[in-house]
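Please look at the sequence and the model before reading on.

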Amino acid sequence: MSIVTTIDKFQPYSLRNIHHAPQWQKLSKEEKHSLEVLGAVFPFKVNQYILDELIDWGNIPDDPIFRLTFPHKDMLRESEFQELSNAILNQFNEAEIQSISNKIRFRMNPNPAGQMTHNVPRMNGVPINGLQHKYKETVLFFPSAGQTCHSYCTFCFRWPQFVGMSSLRFEARSSEPLVQYLKEHKEVTDVLITGGDPLVMNTRILYEFIRPLLIPELEHIKNIRIGTKSISYWPQRFVTDKDADDLLHLFEDIIATGKNLALMAHYNHPCEIKTKIAQIAVKRIVGTGVTVRMQSPIIKHINDNPQAWVDLWTTGVQLGAIPYYMFVERDTGPSNYFEIPLVSAWEIFQKAYQSVSGLARTVRGPSMSTFPGKIMVDGIVEICGEKVIALQFLQAREPNWVRRPFYARFDQNAMWIDHLKPAFGDSKFFFED
Ligand code: SF4
């Protein structure tokens with residue numbers, strides 16, 4: 001057993017085997033049944049490290065990491081829950097249950113913001129599966145072996161990657177199409193390797209996907225980013241796993257080629273960065289020259305209070321990580337359970353921002369990842385007697401929209417850009433032309 005954690009061996013639990021977890025007995029009969037019903041729609045996976053070291057079992061069901069990993073009954077409409085519950089209790093066959101589940105999944109806007117329809121690039125007229133190219137300088141790459149995670153988050157906007165519906169899934173079996181595409185797109189400077197979580201791959205397989213990006217013909221690729229929640233859900237990946245040192249050497253080798261390597265680290269709650277092994281993981285990663293950038297949506301039941309963000313950003317900065325984004329929960333999946341109004345998100349952001357050192361004020365938000373781009377809520381102001389919400393693009397399909405302020409009528413309840421109306425009597429926002 002390691003001196004930094006009680007858990008060295010990765011033990012995942014799905015619906016199939018969660019009843020073997022020691023903590024299973026702590027759930028009520030109703031919670032167990034809910035999990036079975038919800039697990040037919042949403043992906044469910046947790047691991048022993050999360051069960052032992054991140055969830056406070058004296059505080060369930062309100063514990064934030066319990067909410068983050070165990071789905072809640074209110075994530076479905078009452079009628080949907082009842083229909084599925086009846087099907088399970090009456091032992092409908094698998095195909096019948098799947099048909100009910102899929103109907104619910106399609107109702108939940110599985111690929112928002114034009115991911116399937118507008119972001120998939122083409123070569124010779126053929127769509128390239130496993131790639132998205134929305135912003136001029138950045139291409140997203142979804143390696144097939146990285147399309148799972150060490151645990152699944154109940155709010156996840158990438159949930160269609162994990163529910164076994166191939167028509168909804170992005171994945172690339174190799175880097176070859178990506179490399180061909182990048183050779184023809186010199187405007188691209190950044191590749192974001194994402195998932196799922198690419199760091200579920202062992203180091204050898206990860207290297208196979210990254211190595212082709214290091215060739216001289218791709219000199220224009222300056223930044224390789226890896227989207228990951230491993231530092232939270234399985235920090236052992238960087239400390240005690242048998243190829244942890246190999247992974248850190250791979251990071252060093254990438255940096256030695258002259259490219260910048262950044263881990264886009266998903267942190268949803270400060271407790272994820274408080275365990276000893278999670279802190280050692282960050283220090284080891286930063287020690288290789290990799291930058292760690294912290295990002296998360298603001299999510300009801302999990303981190304909808306300023307202190308959670310203050311603790312997260314402050315601890316991150318102490319360890320050498322950089323606060324980067326507070327996102328708004330996306331309009332997909334069970335967003336009705338997790339979303340909070342834009343005005344409330346901005347108030348929480350502002351309170352937290354006002355309470356942290358300048359070193360933590362690298363963070364931006366709250367930001368919505370919408371069809372036209374990343375729109376940040378910049379504040380509430382009064383202009384010419386009208387109370388308005390100030391907004392701006394941080395990223396946009398049209399590069400010249402970026403950092404152009406615009407205004408919406410004040411709306412205390414709006415959750416997303418679609419709910420907002422332009423201010424000052426305008427009939428549409430400038431980007432809707
Ligand atoms: S770790 Fe990231 S990709 Fe995986 S379930 Fe959580 S939010 Fe989704």
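## Ligand site and overall form

Around the ligand stand Cys-149, Tyr-152, Cys-153, Cys-156, Arg-158, Gly-195, Gly-196, Asp-197, Lys-229 and His-266; a residue is near a molecule if its C-beta atom, placed from the backbone, lies within 6 Å of it. Four residues of this shell are nonpolar, three are polar and three are charged. Nonpolar covers Ala, Val, Leu, Ile, Met, Phe, Trp, Tyr, Cys and Pro, charged covers Asp, Glu, Lys and Arg, and the others, Gly among them, are polar.

The model is predicted: local features need pLDDT of at least 70, side-chain atom pairs count only at pLDDT 80 or more, and totals for chains, interfaces and linings use all residues. Residues are numbered from 1 along each chain as its sequence is written.

The chain has 13 helices and 15 strands; these are DSSP runs numbered from the N terminus, helices being H or I with at least four residues and strands E with at least two.

| Chain property | Value |
|---|---|
| Box filled by the C-alpha atoms, along the principal axes | roughly 60 × 50 × 50 Å |
| Buried share of the 433 residues | 41% |

Buried means that 20 or more other C-beta atoms, placed from the backbone, lie within 10 Å of the residue's own.

Helix α5 covers residues 94–107, 14 residues in total, and spans 20 Å from its first C-alpha to its last, close to the 20 Å expected at 1.5 Å a residue. The expected span is 1.5 Å times one less than the number of residues. Helix α5 is hardly covered, with one buried residue among its 14. Asn-109 follows α5 and has a positive phi, near 50°.

Definitions and conventions:
A residue is buried if 20 or more other C-beta atoms lie within 10 Å of its own, exposed if 12 or fewer, and partly exposed in between; C-beta atoms are placed from the backbone.
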